[in-house]
Amino acid sequence: MFYWWFESRSATKDTDPVVLWLTGGPGCASEIALFYENGPYQFEADGKTLKSNPYSWNSNANLLYVDQPVGTGFSHAGLSHLNTNEEEIADNMALFMQKFLAKYPQLEGRDFYITGESYAGHYIPAISHNFLFKNKDNLKINFKGMAIGNGLVDPYNQYPEYDNFAKENKLIGEGQYLVLKGAFKACQLLIKTGVWPVALEECQIGVQSILGFNPVQPAFNVYDIREPCGTPPLCYDMSPADNLLAQESIKDILGVKGRSWAECTSSVHTALLGDWMTNLSPKVSDILENKDFDTLVYSGDKDFICNWRGGEKWTNEVEWANKESFQKCEYADWNVSGKAAGALKSVDNLKFLRVFDAGHMVPMN
């Protein structure tokens with residue numbers, strides 16, 4: 001398994017927390033976040049040289065990016081070793097963290113957080129649950145919380161919000177909205193049957209109809225509805241990172257000589273198609289019982305593919321002691337530099353944050 005660890009660049013780096021970042025996909029490498037979201041370096045306009053990112057999260061944390069599940073990015077795996085479910089993914093990450101901390105014992109006992117985005121809405125609850133319960137005694141960390149950004153956590157509750165979000169943002173008209181309402185009801189019924197390949201197909205048809213049934217050139221950027229999809233399928237031009245990481249001299253430095261580079265690995269994605277409809281909110285329910293452990297769910301409100309309405313819906317529906325209080329909780333301004341940059345609802349150790357004017361990749365915006 002391949003990782004990057006960037007030390008905190010603050011004066012308190014010897015006591016700063018460890019933050020683990022996981023990109024989604026499934027099968028997309030965490031280098032996407034490293035170079036385009038919250039890492040210490042970004043590309044200059046020439047697409048070849050790097051500059052420091054003043055907003056990097058390692059400004060006050062030891063930042064750890066891992067290419068996972070195995071087979072993603074520079075993490076090597078044969079086809080027979082690919083993960084097919086969240087239990088395998090969580091067990092692999094527990095073993096990774098044990099070996100990582102054995103290699104860097106100076107990080108043992110630090111405050112520890114897991115975060116990430118998109119399909120990491122599956123990974124993060126599964127891994128956090130594993131770390132808190134199954135491998136609690138094997139991990140020398142002070143596990144404090146998890147943050148899920150624009151994540152797919154509970155497909156049953158999230159899929160029907162596509163039509164609500166699309167109507168609110170004038171991506172569809174009233175007629176199509178009413179048709180889609182019926183389609184997503186059927187989607188939910190199929191999710192309940194457990195026949196997930198059929199459910200996935202039915203649910204995705206509803207999504208594709210909003211996008212104009214053109215996977216090569218969707219009607220808009222699914223990660224930011226304000227923009228066109230410039231470079232399908234990920235909509236953003238990430239060739240600078242691709243070019244850098246494909247160089248043999250760079251791979252030699254990184255210790256991955258002979259391994260090929262891809263932003264997203266289709267074999268990893270395919271291996272997890274049976275996992276797509278898994279509902280991870282029961283894991284979140286267990287986690288919320290630990291009052292010392294914080295859970296933040298945040299969503300950029302210009303993202304379509306894992307939109308904020310879906311994030312709001314599943315957090316309202318998750319079963320826990322304060323479910324009713326959370327549902328009734330009013331939003332309050334989330335201020336940055338004295339200005340409302342989002343809307344936050346918070347009850348005890350669960351927070352949902354709608355981030356204004358951000359797409360799928362909130363740290364990028």
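Modeller: Let me start with a rule: a charge sits over a ring if NZ of Lys or CZ of Arg is within 6 Å of the ring centre and within 35 degrees of the ring normal. This is a predicted model, where local features need pLDDT of at least 70, side-chain atom pairs count only at pLDDT 80 or more, and totals for chains, interfaces and linings use all residues. Residues are numbered from 1 along each chain as its sequence is written, and side-chain values use heavy atoms, with hydrogens and water left out.

Colleague: What makes Lys-345 lie over the face of Tyr-331?

Modeller: Lys-345 is at 5.6 Å from the ring centre of Tyr-331, and the limit is 6 Å. Lys-345 also lies over the face of Phe-326, at 4.8 Å from that ring centre.

Colleague: Why is the pair of Tyr-3 and Tyr-104 called edge-to-face?

Modeller: Rings of Phe, Tyr and Trp (its six-membered ring) pair if their centres lie within 6.5 Å; planes under 30 degrees apart count as stacked, over 60 as edge-to-face and the rest as tilted. By this rule the model has 31 aromatic pairs. For Tyr-3 and Tyr-104 the centres are 6.4 Å apart and the planes stand at 80°, so the pair is edge-to-face. This pair links distant parts of the chain, 101 residues apart: Tyr-3 is in strand E1 (residues 3-6) and Tyr-104 in the loop between helix H2 (86-103) and strand E6 (111-118). Helices (H or I, at least four residues) and strands (E, at least two) are DSSP runs, numbered from the N terminus.

Colleague: How do you know whether Tyr-104 is buried or exposed?

Modeller: Buried means under 20% relative accessible area, exposed over 50%, and partly exposed in between (1.4 Å probe, protein chains only). Tyr-104 has 18%, so Tyr-104 is buried. Tyr-3 has 22%, so Tyr-3 is partly exposed.

Colleague: What makes helix H11 mostly covered?

Modeller: Six of the eight residues of H11 (residues 281-288) are buried. They are Ser-281, Lys-283, Val-284, Ser-285, Ile-287 and Leu-288. Elements covering these buried residues include H2, helix H3 (120-134) and strand E8 (294-300), where contact means heavy atoms within 4.5 Å.

Colleague: Which residues form an aromatic cluster?

Modeller: One cluster is formed by Phe-2, Trp-4, Phe-6, Phe-35, Tyr-36, Tyr-41, Phe-43, Tyr-65, Phe-74 and Trp-261.
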